[in-house]
Amino acid sequence: MIDAITSGLDQVLQWETLALMVVGMLVGFVVGILPGLGGAVALALLLPFTFAMEPVQGIVFLLSMWIVTGTAGDITSVLFGIPGEATSAAAVLDGYPMTKKGEAGRALGIVLTSSAIGMLFGAVVLGLFITIIRPLVLMLGPPEFFMLVLLGLAFVVTLAGKSLAKGMAMVAIGLLVSFVGSDPTAGLPRFTFDQMYLWSGIPLIPVVVGLFGGAEVLQLMLTRSAIASGTRSDAKITGTMRGVTDALRHWPVAIRSSSIGVIIGMLPGLGGTVAQWISYGQARQFSKNPDQFGKGAVDGLAAAGATNNAKDAGSLIPTIAFGIPGGAATAVMLGGFLILGINPGQDMLTTQLDITFSMVWTVLIAGLLGVVLAFALVRPLAALTRISGPVITPILFMFIVIGAYTASNSWGDLLVMLGASVLGVVCLRWDWPRVPFLLALVLGALLEQYLNLSNTLFGLDWLTRPGVIIIGLAVTASLFFSIRSSRRSRRATRTDGRDKKVGSPVIETIGKKK
């Protein structure tokens, strides 16, 4: 085992391999900055370049590019409110409000430091558990995956904001939209209105780009001000080290979120989009100031940054252990393994163990170097937020259009993006939560898929499986504590209002006596 670890590190540190790592990181940084493109698309585009490479060189090239996209995606989420990819959407909720208050440097310091923590945690877990994860994952079946999806929806109560009714209404709309497309059981079209484009369902990337990025750009266009409107255009970008300190002070949030990212990431089919919202929801539940979430909460931003990087390492575990990709990007990566002559499963855990540990070292080195590169670019990137709205809006909108169109190279993607942008503006204008809609849209198809599989394979007996019961108790506990916290918050608000009404005449009387 020790020989495989040192051999893997030695192969990664060869100068040809390091050069390919740097090239991959630069490509990944550009891909992450462009909204909607995503790591899976970039992996597919770069896969042909690995044909003539040695196995370790090809893996390092692909993996370093993919790892850095998450970090770069957090930067656009924080600075412009535009997720670089779907798994960076949670960073918008607290990072972008901080930017608008003139704290872009601090927000970047928080999210990048949390990313480094998540990357380090994920690499360590990948190295420790790569040989023992197979029996753990094989214990889970469609019923357990169904309950995990329900657990994700349970956090909608936490993320719904002040009005649970609005949150549940957005969940219902999101689930309804998720059912657009072909029925997975009967194969018949649903809600497609005779449009072939809708047969495969509503694509996620244009929805995410429009709901968050498009809505914020439209808002910026209407206000005609800079993103960081609260500060002078010539003000210096400061607070980065304060953000680093904030993230380190909230290290328990980063560790919990990293754990969630690894666990959800290694469950095939769920992926980082689900992990970020579950992580964000638990951070709000454990927070001492849950009302600050969505307004610039440090722990919310730390949770988003840590999860986004840790889930990548988690999704590699089932891919390496028994050839089941944890998500779309690792599915493309699996194709890269086969092209390079690497067989996932027993070979990667025995005869090719040194190649496996070269992946662990790549995740660690490329991830941390990517964070360092991002820190080096904090000031010039944050300075973009001082540019006047009418000047920067066309540029941002161009990136949004490109990001939405690259989802499937269809004009329908642009229409979906525009519709999601309008929905986002309406939500911002009348204070309706956007996250429950997105979460329900992501989880709706998985909910239906795993429910059908559970009933087909086990009938109703799947309800008595131990894993289902345990996760069901977690769902119940989450709903109970979230609803109780919401009621306490409303009760406290009413009490404060009555105290002010009662107290004001007393204060006036005292004032008169004086």
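Here are a few notes on this predicted model, going from the overall fold to some individual residues.

1. **Overall make-up.** The secondary structure comes to 23 helices and two strands. The protein has 514 residues, and 54% of them count as buried. If you take contacts between residues at least 6 apart in sequence, 79% of these join residues at least 24 apart.

2. **Surface.** One spot to look at is a nonpolar surface patch of about 440 Å², put together from Leu120, Val124, Leu128, Phe129 and Ile132. Ile132 sits in the loop that links helix H6 (104-129) to helix H7 (133-138).

3. **The H6/H18 pair.** What describes the packing of two helices? The angle between their axes and the distance between the axes. For H6 and helix H18 (residues 353-376), the angle is about 175 degrees and the axes are 9 Å apart. An angle over 145 degrees counts as roughly antiparallel, so that is the label for H6 and H18. On the H6 side, the residues making the contact include Gly109, Leu112, Ala116, Met119, Leu120 and Ala123. H18 contributes, among others, Phe357, Val360, Val363, Gly367, Leu368 and Phe375. Leu120 turns up here as well as in the nonpolar patch.

4. **Met119.** Setting aside neighbours within four places in sequence, Met119 is in contact with Ile67, Asn309, Val363, Gly367 and Leu368. Val363, Gly367 and Leu368 are also on the H18 side of the helix pair. Thr71 is 48 residues from Met119 in sequence, with a C-alpha to C-alpha separation of 9.8 Å.

5. **Phe191, a backbone point.** Most residues other than glycine have a negative phi. Phe191 is not a glycine, yet its phi is positive, near 55 degrees. You'll find Phe191 in the loop between strand E2 (189-190) and helix H11 (204-223). With 45% relative accessibility, Phe191 counts as partly exposed.

Key:
Residues numbered from 1 in each chain as written. Predicted model: local features only at pLDDT ≥ 70, side-chain atom pairs only at ≥ 80, totals over all residues. Heavy atoms only, no water. Helix = DSSP H or I, 4+ residues; strand = E, 2+ residues; numbered from the N terminus. Buried < 20%, exposed > 50% of the residue type's maximum accessible area, 1.4 Å probe, protein only. Contact = heavy atoms within 4.5 Å. Patch = residues over 30% accessible without salt bridge, like charges linked within 9 Å, V, L, I, M, F, W, Y side chains within 5 Å. Areas by Shrake-Rupley, 256 points an atom, 1.4 Å probe, with all protein chains shown as cover. Salt bridge = Lys/Arg side-chain N within 4 Å of Asp/Glu carboxyl O. Axes fitted to C-alpha atoms, helices over the stretch in contact; angles between N-to-C directions. Parallel < 35°, antiparallel > 145°, perpendicular 65-115°, else oblique.
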